[in-house]
Amino acid sequence: IVIPITGPHHREPLYPHIYVDQGCGCSVIMGADIFCVGVVGAASGISFGDQVSVLMDVEGQLKRGETDRPQGRVVYLGNGIAQMGRSGFFNAKSGVGVKMFSRVWSSPPLHGVLPGRMFLQHLPSILCVHQLDLDKGTIATAAGGEAAGGPLSVIDMCAAPGGKTTLIARLMGNRGRVVALDKAKGRAQLIERACREQGITIVETHVADATKIVASTSSSSSSSTSTSCSSPSHSSSASSSSPSSTSTPSSSDPRSKKPKNVHRSSVTFPPCSFDRVLLDPPCSGLGQRPRMLEDISLVDVKSAPDYQKRLLDVAVQLLKPNGILVYSTCTIHPEENEGVVMYALSRHPCLRLVPQSPVLGEGGLPNIMGMPEEQRKLVQRF
């Protein structure tokens, strides 16, 4: 299901003003109503049932509870109806503070709609998962096109909050093996929760640093000592995320089964362990929409590509010969996209870019990072 967001529509801020923080404001643009914890300021005298105009305090200048308009930039989001009095915005710990009825950007509120059957994501994230060619969890063909069969093994190296992981499992028909990693236990629990809510039972969740998950050859049962795959694989550059729903193979309700999710902090894998590797690493996030203000530091922007390259080196070690590696980010920064792809191709000669399907984005940026025209056409930007 693809739901477009339309706008900006002409609206007028005719009513007493309510100010929300940037996080809340971006959620409103994506279709959410306003929860009271996101309100940072409000005009005096607002009561339950009043019509209000909602504005975003982009620069975060207001202190919670203030009545005055902030001196910095504000963005008008639309109009709504107060679900509590002014004091409730700042005293209540939870609950909807304003229900929107007229939006500058139109998107339906989908929070809590079809729980367990629909997971909200951005469209590019759906596309990058489809590049893994998951084929219902089995290896469709071997090199040369012979029938191969057998269950797929997939690793999502930076998996939280779990949108791509659960889509992987659904496209595999809840067959095979999926490993999901995150460094933080709290974020790993989000993956487990997403799997539980969607009845997914094939995902193993581990708390682990993805730069340290390759077992040394001295302690590995694998006979391979190669630091990279020995035959061509697939590397692609995309961006970020969306919902999908496929039925599970069991005739009984899969939610009755206990997921394979476990937590271990020292998990390692032998080289060449996985048929498919998804690497969607931490990135600068530059250009994410509908963000109104970039607050990342220049130091963080400059350091991101080095960390991504370290993760990519690990990804290549984990990939089986003839496997597929998909690299994706949610940033427009060329050094984190085209730059990392060119690093991968030069550092690991076993890798090659292959055509993607489906293709809904544009190719890579022209004349940048030394990427040839034929390779630029094999990556996607959004």
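Visitor: Is R193 buried, partly exposed or exposed, and at what relative accessibility?

Guide: In this predicted model, R193 has a relative accessibility of 46%, and therefore counts as partly exposed.

Visitor: And what does the side chain of R193 meet in a salt bridge?

Guide: The partner is E197, and the two side chains meet in a salt bridge with an N to O distance of 3.3 Å. E197 is partly exposed as well, with a relative accessible area of 41%.

Visitor: How are R193 and E197 placed in helix 5?

Guide: Helix 5 covers residues 185-197, and because R193 and E197 are four residues apart in that helix, they are separated by about one helical turn. An α-helix has 3.6 residues a turn, so residues three or four places apart point the same way.

Visitor: How many salt bridges does the count come to?

Guide: The count comes to ten salt bridges. Among them is the pair D33 and K99, whose side chains meet at 3.8 Å, N to O. That pair links distant parts of the chain, since D33 sits in the loop between helix 1 (22-29) and strand 2 (34-35), while K99 belongs to strand 6, 66 residues apart.

Visitor: Are D33 and K99 buried or exposed, or something in between?

Guide: D33 counts as buried, at 16% relative accessibility, whereas K99 counts as partly exposed, at 41%.

Visitor: Which residues are linked with them in a network?

Guide: The network of salt bridges links D33, K99 and R103.

Visitor: Changing topic, where is T211 found?

Guide: T211 is found in the loop between strand 9 (203-207) and strand 10 (233-234), and with a relative accessible area of 17% it is buried. Its side chain makes a polar contact of 2.8 Å with the side chain of D209. Leaving aside residues up to four places away in sequence, T211 touches Y307, R310, L311 and V314.

Visitor: What does D209 form a salt bridge with?

Guide: D209 forms a salt bridge with K212, and their closest N and O atoms are 4.0 Å apart. D209 counts as partly exposed, at 23% relative accessibility, whereas K212 counts as exposed, at 60%.

Visitor: Now helix 4: how many of its residues are buried?

Guide: Nine of the nine residues of helix 4, which runs over 163-171, are buried, and the helix is accordingly described as mostly covered. The buried set includes K164 and R170, along with G163, L167 and I168. Just after the helix, G173 takes a positive phi of about 70 degrees.

Visitor: What lies 3.2 Å from the backbone oxygen of G163?

Guide: A polar atom of the Q121 side chain lies at that distance from the backbone oxygen of G163. Q121 lies in the loop between strand 6 (96-103) and helix 3 (123-130), and it is buried, with a relative accessible area of 14%.

Visitor: Which residues does V40 touch, setting aside those up to four places away in sequence?

Guide: With that exclusion, V40 touches Y19, V20, D21, D57, L62, K63, R64, G65, E66 and F90. V40 lies in strand 3, residues 39-42, and counts as buried, at 13% relative accessibility. The C-alpha atoms of V40 and F89 are separated by 8.3 Å, although these residues are 49 apart along the chain.

Visitor: What about the surface, which residues make the nonpolar patch of about 370 Å²?

Guide: That patch is made by V2, L123, L360 and F382. L360 lies in the loop between strand 14 (351-352) and helix 8 (373-376), and is exposed, with a relative accessible area of 54%.

Visitor: And the chain overall, how many helices and strands are there?

Guide: The secondary structure comes to eight helices and 14 strands, and buried residues make up 49% of the 382 residues. Among contacts between residues at least 6 apart in sequence, 77% join residues at least 24 apart.

Technical notes
Residues are numbered from 1 along each chain as its sequence is written. This is a predicted model: local features need pLDDT of at least 70, side-chain atom pairs count only at pLDDT 80 or more; totals for chains, interfaces and linings use all residues. Side-chain values use heavy atoms; hydrogens and water are left out. Buried means under 20% relative accessible area, exposed over 50%, partly exposed in between (1.4 Å probe, protein chains only). Helices (H or I, at least four residues) and strands (E, at least two) are DSSP runs, numbered from the N terminus. Patches are made of residues with over 30% relative accessible area and no salt bridge: like charges are joined within 9 Å, nonpolar side chains (Val, Leu, Ile, Met, Phe, Trp, Tyr) within 5 Å. Accessible areas come from the Shrake-Rupley method with a 1.4 Å probe; for residues, only the protein chains shown count as cover. Contact means heavy atoms within 4.5 Å. A polar contact is a pair of N or O atoms within 3.5 Å; within protein, one must be able to donate a hydrogen and the other to accept it, and residues adjacent in sequence count only if both atoms are side-chain atoms.
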